[in-house]
Protein chains: 2
Amino acid sequence: MKLLNVNKPAGVLCKLNYLGESTGDFKIPSTKFQKKNNLCQLVKFVSNQNVYMTSILKSKDMDKNMTSWVKVPNDSDFSIHNLPFGIFSVDKGNKKIGIAIGNQIVDLFAIADQGYFNDLKVDKDVFATNYLNDFINLGKSVTNAIRLKVQEMLSDKNSSLLDYTKVLVAQSAAQMHLPVQIGDYTDFYSSIEHATNVGKMFRNPENALLPNWKHLPVGYHGRSSSIIVSGQNVYRPKGQVLPPDANSPIFQVSSKVDFELEMGFIIGKNTQLGESVKTSDAEDYIFGKVLFNDWSARDIQKWEYVPLGPFLGKSFASSISPWIVTLEALAPFKIQGPEQDPKVLPYLSYDGLKNYDIHLEVGLKPKHGEENRISKTNFKYMYWNMAQQLAHHSSNGCNMKVGDLLASGTISGKNVNSYGSMLELAWGGKKPITLSNGEKRKFIEDFDTVIMRGYCKKGSIRVGFGEVRAQVLPALN
Amino acid sequence: MKLLNVNKPAGVLCKLNYLGESTGDFKIPSTKFQKKNNLCQLVKFVSNQNVYMTSILKSKDMDKNMTSWVKVPNDSDFSIHNLPFGIFSVDKGNKKIGIAIGNQIVDLFAIADQGYFNDLKVDKDVFATNYLNDFINLGKSVTNAIRLKVQEMLSDKNSSLLDYTKVLVAQSAAQMHLPVQIGDYTDFYSSIEHATNVGKMFRNPENALLPNWKHLPVGYHGRSSSIIVSGQNVYRPKGQVLPPDANSPIFQVSSKVDFELEMGFIIGKNTQLGESVKTSDAEDYIFGKVLFNDWSARDIQKWEYVPLGPFLGKSFASSISPWIVTLEALAPFKIQGPEQDPKVLPYLSYDGLKNYDIHLEVGLKPKHGEENRISKTNFKYMYWNMAQQLAHHSSNGCNMKVGDLLASGTISGKNVNSYGSMLELAWGGKKPITLSNGEKRKFIEDFDTVIMRGYCKKGSIRVGFGEVRAQVLPALN
């Protein structure tokens, strides 16, 4: 815990510094409080400003010596430093909120039912729910306290949870569900590498980026009804396409189904109409992140998208990973973003580290054959960061609601093995990729399974997202 | 009641014909049933296919002699032939479902509480609710039966409702709320006159319509969080705009705020992922219609919309009228749509009357001055009808959810006084319109109020939408 100014008198406002970032004004607690409580606990009581609290509490996450009495495999995304939230059920029973640890799920309803959250004054019924929205809506002061309480219980060798049969569920025995009810879904287009590749293929190779691209994070509204959780399969869409050299379209099964490797973030705090979120406040409004596959039908998209943007080429399905990794768990993996030139307008400017070092990869498993890793990239390359996306989205007064999903757009790296879509990997069909079983792919074929994974790593500490997986099935009649 | 084939034997399947449209196969009920029940009631029992039932039940609506013991002014949109559904509250009390009649609201919870819906086996709690979604989700067999039961009670001179103090609320004493929780909002672009006008101004006057326009109902996803009910005011948005002849954008308060005269329809029945709705079945999936003002900031829109479509130029607000007029109430006002040339693809082709003869008008009331009627047009001009929009939207397997809103796009007529936006009425600012107080308008100014109205009329029978009204307030800091 690096609390630089803690030797000041109680009651004084001072700046804290955590991992190189100022946490802003912080009221120094009384000595009595300081002695009675360890600092992490203490901050809960004295700060009513969530951002300070959570910034400081995160320090506990990074206690490298912290381990859990729950067995966590070395390569697990769900270390004790992570503890993401999700919605699970067992044997088609009621849905509940869980936290992932290793190969297990901590049943938060069961913990609440045993009274362990009584001091937090959280009604246990909030954990027996179809979606995380109401829980998230309690605010970070509560959701972070819950997460840290669970972390404490999982790390304590004498934890009262040790009778784990009551509170732990094997992930293999559980079904995961859509974690949030998504009111609105917005898709950005924030990878300069992806936007450049698409611009080269679809428009002008000389001026691949359109004039607005470096001035604002281009985005558009997507379809929220068709967002499905990892594991649910996708029917190949039908639609209007314009055959090469034809004047009139035909209606057919799409022959250019594609994935898009994206990450999404979940809004954690409502805003009102007319209100705008500053880049410096954006993290208060973000609950956490997920992996996201924004399925696309390139042939449908190409014919329909001028002038009002993508519609049916996208709205047949998007897949989301089931575990929402909190911004607090990701804080240690913040990193400097790319330089933005030209300089952005003041409402988009930002201080500090706003990108995240998240390793990403895409696997493709054909019906007959093993999984092939077809792309490997990193979220850190994104030109526009989440704080800028949220500031831009709300700059016109558009209101945000808890559970809204804002996705990054396709995440591509600089080299050909780091592109985030088949469109780019096989360059519009011109450079098919070869799988380990000898089959070639220009786009995704029926019964192909696409798997995306993502994780952060610093030393021996790993915080990851698990996977988002879906198989493409033939179109329904 | 024009039931052409009723003289066939009981059990036989035959076609019915109602207002020129075939209702499809219909099972002739037993003579016993025919005698015991009047035909309208009868159909409830023998047909399990809502479309037949509702087509036939509508005949009762058009009994021209039907009147109500509730006083209904001659020019009221809310005649006994209409009976739209909405959500109201009184004195900041709980929200409930109501039906509009004249200047009154029928409190459906109060009626249910007195046991009048007991035969329909509907739990009274469904009427004490923030949104109509759960009610709509009961299906047309229930919602139509409720509406017809209320119609019967309002028309019966000996109605047990005559002690109206218990079930009627003056509209002037009630507050109306957003009628449905809108999961997804889609905006089409289906007026050929509007698309042509915009194409002329923004793109190429010679080829104003883009190549796909006559082949599919162009549409895009909109923002649902910022849809507000009539009466709620709108803050002028801020955003990035590119000044004339500039190379770099600036961030400022929009100077080109505009309205868009639209109508929307509310989805009444869920579909599953992968499922597509046929044009012939579309009416089963549409609960009813509303007036809709899709506020736009033309300067923000112009700079941002290529290549992914409108985003912040639209998402600051859209206004919806509070009463949802059912498709059954609108059925007598069906009319032939414009000829579609070139012929559309089979999945978009349709039989029968799918357009609606709905008179529309827009009023603009400046801060200091009376309301000016600045546009008068009709919904019947729409090139693409609702059945085609829904068939197209679901053609790729995108699922629809009860409460989703699909809007028409700006509704413009052929002449300059029938355009549905300031952009067109003042032709991009080149032809300002003059108000009765001498002020001129290129776009909407602060404190202007925009009011849209719509109604159907056949003889003395009027079925209307009331109004959607909002005042534009200065941008928040």
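Analyst: Buried means under 20% relative accessible area, exposed means over 50%, and partly exposed lies in between (1.4 Å probe, protein chains only). Helices (H or I, at least four residues) and strands (E, at least two) are DSSP runs, numbered from the N terminus. The model is predicted: local features need pLDDT of at least 70, side-chain atom pairs count only at pLDDT 80 or more, and totals for chains, interfaces and linings use all residues. Residues are numbered from 1 along each chain as its sequence is written, chains are lettered from A and ligands numbered from 1 in the order in which they are written, and side-chain values use heavy atoms, with hydrogens and water left out.

The helix in question is α7 of chain B (residues 192-202); 8 of its 11 residues are buried, so the rest of the structure largely encloses it. The buried residues of α7(B) are B:I192, B:E193, B:H194, B:A195, B:T196, B:N197, B:V198 and B:G199. Among the elements that cover them is α11 (422-425) of chain B.

Turning to charged pairs, a salt bridge is a side-chain nitrogen of Lys or Arg within 4 Å of a carboxyl oxygen of Asp or Glu. Over all chains, the structure holds 46 of them. In chain B, B:R441 pairs with B:D448, with the closest N and O atoms 2.7 Å apart. Both partners are buried, B:R441 at 3% relative accessible area and B:D448 at 0%.

In chain A, A:E283 and A:K334 form a salt bridge whose closest N and O atoms are 3.0 Å apart. Because A:E283 lies in the loop between β15 (261-267) and β16 (286-293) and A:K334 in strand β20 (residues 334-335), this pair ties together parts of chain A that are 51 residues apart in sequence. A:K334 is buried, at 12% relative accessibility.

A further salt bridge joins A:R453 and A:E361 (3.9 Å, N to O). A:R453 belongs to strand β27 (residues 449-458) and A:E361 to strand β22 (residues 359-365), so the pair links parts of chain A that are 92 residues apart in sequence. A:R453 is partly exposed at 24%, whereas A:E361 is buried at 18%. Both belong to a network of salt bridges that also includes A:E371, A:R373, A:E467 and A:R469.

As for the copies, superposed by least squares on the C-alpha atoms of residues with pLDDT of at least 70 in both, chain B can be laid on chain A with an RMSD of 0.0 Å by a turn of 180° and a shift of 0.0 Å along the axis. That is the relation of a two-fold axis. In chain B, the C-alpha nearest the axis belongs to B:G309, 2.1 Å from it.

Note on methods. Contact means heavy atoms within 4.5 Å.
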